[in-house]
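Open the model in your viewer and keep the sequence panel beside it. The stops below are given in the order in which to select them.

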Amino acid sequence: MSISTLSSYLPHVRLPSRRRTTTSNRVLAILSDPHVLRLAETLEDSISAASPLPPPYLQKLRDTSSQTLLSTTWPSRKDEPFRFTDTSFIKNADIQPVPFSSTQSLSSLTVSEDTLLPNLTIVDGYVVDSLSQLSEFPDGVFVGWLSNLNSESIMKRVSEYVSDFQGDLFWSLNGVGAPDVIVVYVPEGCKVEKPLCLRFVSVNGSDKDSKSLPISNPRILVLVEKGGEISIVEEYSGGDENDKSYWTNSVLEVVVGDGAKFRHSYIQTQSLNAAHVKWTSVRQDSKSAYELTEVSTGGKLSRHNIHVQQVGPDTTTELSTFHLSIGDQLQDLHSKLVLDHPRGFSRQIHKCIVAHSLGQAVFDGNVQVNRDAQQTDAGQLTRSLLLEPRATVNIKPNLQIIADDVKCSHGAAISDLEQNQLFYFQARGIDIAAARRALIFSFAAEVIERFPEKSVQNKAESLITKLLIPKLLSR
């Protein structure tokens, strides 16, 4: 059933076409959230106008997402996953999808300066070939819209995993509003030497005080077959405008085959007046490796949901994240790692700095070690620096262990800089301001140094320096 069908049973929702009333439809109408239905219907209408006859895999994704939204309500602070996350900034806005035609005026954008990396540029959720630089990949590798894939065997293989996982409201809204699926396919045994940069740019935005909130819904599927290897850099920015309001609602689905390796770098620097909601869902087969390194500094509301499931033995997962809040921002990380098989290995380190009295950060990390995951080695650590008296951080580390032959640990710390560390610098003739700068940047460096590419490390270091130095000097 589509959103438009159900809306016929709600008198205050616009009705495109009336259909036969059934008991199940009436029940769904009672359970449904009118605000969610209106938003979903707006996305449906926008996508239908752009592509009236979507391919089967895309229609299936939209139907599945629509069905989920029929019984999904907008999250509130009473819901445990959103207890510390206020989404009213998005809910109270006039949300309008960005049409494809509006992405054609791109005079302010240029091809990525980082010419060393092959890159695909996505503007407001749409691939723009003229701003992309895709060098030749090994035989069998595909990067681009799924609708442009010519191989029927690869199309069938990839389509198996489109919407294989179900997330929350924002995941389903993406499924309804995604114009297509961007696919990165690596065939069996193939090792891609150069990292691929996926460059997401938000161009269409409203003024800070406007109620309008343009939304884009990019969706990416990465499939690395048995023994394959690839590194991908995701970059989210607001182009030249860093004060516009918009909403990027992104989904990344990853499948890592037997013995395959996927290195994932993620940098988020969107407007401080924007909303950035990101879902990353990872499925790992036996002996595979997934490594995530993340730096997130943008967004008035920024939330990253990570779900990793190890579906085979001898699997390795490493998550390294750094969040920075320099203004009236909320930086939120919700992660869940599910281990179901023997000899799984995982390490998670999360760090954040809140450098504004109205700034907030949230960390909710769940590691679930199920009964068959014997001889698992799992570690989780979160550390937060509060540089202003009224800055806020809420953390909820969670380690659930059902297996009995495991080595697991987790830890958490929240503080300002330690006085004995500052004294150590001062005792050697270093002034307090320089000492604070050194300690703060070394705090962030533990994550930044884990980026596989030196160019990405340098970019992240420059970003942190640019944002933090004015704050530290003002103190």
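Which residues lie nearest the centre of the second largest pocket? Select Pro81, Trp279, Arg303, Asn305 and His334, which are among the 24 residues of its lining. The elements that give two or more residues to that lining are α7 (169-177), β14 (301-310), β16 (330-339) and β18 (360-369). With four residues, β14 gives the most. By class the lining has eight nonpolar, nine polar and seven charged residues. The space in this pocket is about 490 Å³.

Some terms are needed before going on. This is a predicted model, in which local features need pLDDT of at least 70 and side-chain atom pairs count only at pLDDT 80 or more, while totals for chains, interfaces and linings use all residues. Residues are numbered from 1 along each chain as its sequence is written, and side-chain values use heavy atoms, with hydrogens and water left out. On a 1 Å grid over the protein atoms alone, a cavity is a set of points where a 1.4 Å probe fits but cannot get out; a pocket is an open set with protein on both sides within 12 Å along at least five of seven lines; lining residues have an atom within 4 Å of a point. Points are joined across faces, edges and corners, and a volume is the space filled by probe spheres set on them. Helices (H or I, at least four residues) and strands (E, at least two) are DSSP runs, numbered from the N terminus. Ala, Val, Leu, Ile, Met, Phe, Trp, Tyr, Cys and Pro count as nonpolar, Asp, Glu, Lys and Arg as charged, and the others, Gly among them, as polar.

Next, the cavities. Five of 30 Å³ or more are found in the whole structure. For the second largest cavity, select Glu80, Pro81, Arg83, Phe84, Thr85, His334, Val362, Phe363, Asp364, Ile395 and Lys396. Its space is about 50 Å³. β18 and β20 (392-401) each supply at least two lining residues, and β18 has the largest share, with three.

Move to the largest cavity, with about 80 Å³ of space. Its lining includes Leu43, Asp124, Tyr126 and Ile215. α3 (34-50) and β7 (212-216) each give two or more residues to this lining. Seven of the lining residues are nonpolar, four polar and one charged.

Now select Ile220, Val222, Ile230, Ile232 and Phe262, the residues with the most contacts inside the largest nonpolar core, which has 42 residues. Such a core is a set of buried Ala, Val, Leu, Ile, Met, Phe, Trp, Tyr and Cys residues joined through side-chain atoms within 4.5 Å. Leaving aside neighbours within four places in sequence, Val222 is in contact (heavy atoms within 4.5 Å) with Val184, Ile232, Leu252, Glu253, Val254, Val255 and Phe262. A second, separate core of 28 residues includes Ile326, Ala355, Leu417 and Ala444.

Last, is Asp207 buried or exposed? Asp207 is exposed, at 51% relative accessible area; buried means under 20%, exposed over 50%, and partly exposed in between (1.4 Å probe, protein chains only). Asp207 sits in the loop between β6 (196-201) and β7. Beyond its neighbours within four places in sequence, Asp207 contacts Lys244 and Ser245.
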